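The entries follow the order in which I looked things up.

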Amino acid sequence: MVDWKSLPANLKTIRHFRGLSQADFAKEIGIAKSTLQRAERGEVISMSTIYQIAGQLKVPLATLLADPEELETDLLAISFLRDEVSLIYMPQERRSKFLRSVKKYVEALEECWKEEE
């Protein structure tokens, strides 16, 4: 479900996932630090700015508006696939969501690779 109220949490999650300060993240996505601060506080920012952020991050707008818990799980799955992070001690209640996210990205990779053949 798309929810505009998810934007602040998702921006913070993406920024933390990348290990960036607000200043560095704002620079990366091409907006002023004050604009990022307003967005992370849940204040209104323009649609053009939201589209710019999605474009700079190379993600669909829906990703910025997704369920924050789902986004966090997706980022964890990406991290796992990219960095082979050991997740032996993942809490039981998060395992099935994590595995669904991993499966989703593996299937997306398979589709990309099929297109290259």
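I took contact to mean heavy atoms within 4.5 Å. I took helices (H or I, at least four residues) and strands (E, at least two) as DSSP runs, numbered from the N terminus. The model is predicted, so I noted that local features need pLDDT of at least 70 and side-chain atom pairs pLDDT 80 or more, while totals for chains, interfaces and linings use all residues. Residues are numbered from 1 along each chain as its sequence is written, and side-chain values use heavy atoms, with hydrogens and water left out.

**Entry 1: overall fold.** I found seven helices and zero strands in the protein chain. The C-alpha trace spans about 40 × 40 × 25 Å along its principal axes. Of the contacts with a separation of 6 or more, 54% join residues 24 or more positions apart.

**Entry 2: helix α1 and its partners.** I fitted axes as lines to C-alpha atoms, for helices over the stretch in contact, with angles from 0 to 180 degrees between N-to-C directions. Helix α1 (residues 7–18) packs on helix α3 (residues 33–40) at about 120 degrees, with the axes 7 Å apart. This makes α1 oblique to α3; angles under 35 degrees count as roughly parallel, over 145 as roughly antiparallel, 65 to 115 as roughly perpendicular and the rest as oblique. Pro-8, Leu-11, Lys-12 and Arg-15 of α1 meet Leu-36, Ala-39 and Glu-40 of α3.

Against helix α2 (residues 22–29), α1 packs at about 100 degrees, with the axes 10 Å apart; α1 and α2 are therefore roughly perpendicular. Here Leu-11, Ile-14, Arg-15 and Arg-18 in α1 meet Gln-22, Phe-25 and Glu-28 in α2.

**Entry 3: salt bridges.** I counted a salt bridge where a side-chain nitrogen of Lys or Arg lies within 4 Å of a carboxyl oxygen of Asp or Glu. The count comes to nine. Arg-15 pairs with Glu-40, the closest N and O atoms being 2.8 Å apart. That pair links helix α1 to helix α3 across 25 residues. I recorded both Arg-15 and Glu-40 as buried (buried is under 20% relative accessible area, exposed over 50%, partly exposed in between; 1.4 Å probe, protein chains only).

Arg-18 and Glu-28 also form a salt bridge, with closest N and O atoms 2.0 Å apart. Arg-18 lies in α1 and Glu-28 in α2, so this pair ties together parts ten residues apart in sequence. Arg-18 is partly exposed at 37% relative accessibility, and Glu-28 is partly exposed at 34%.
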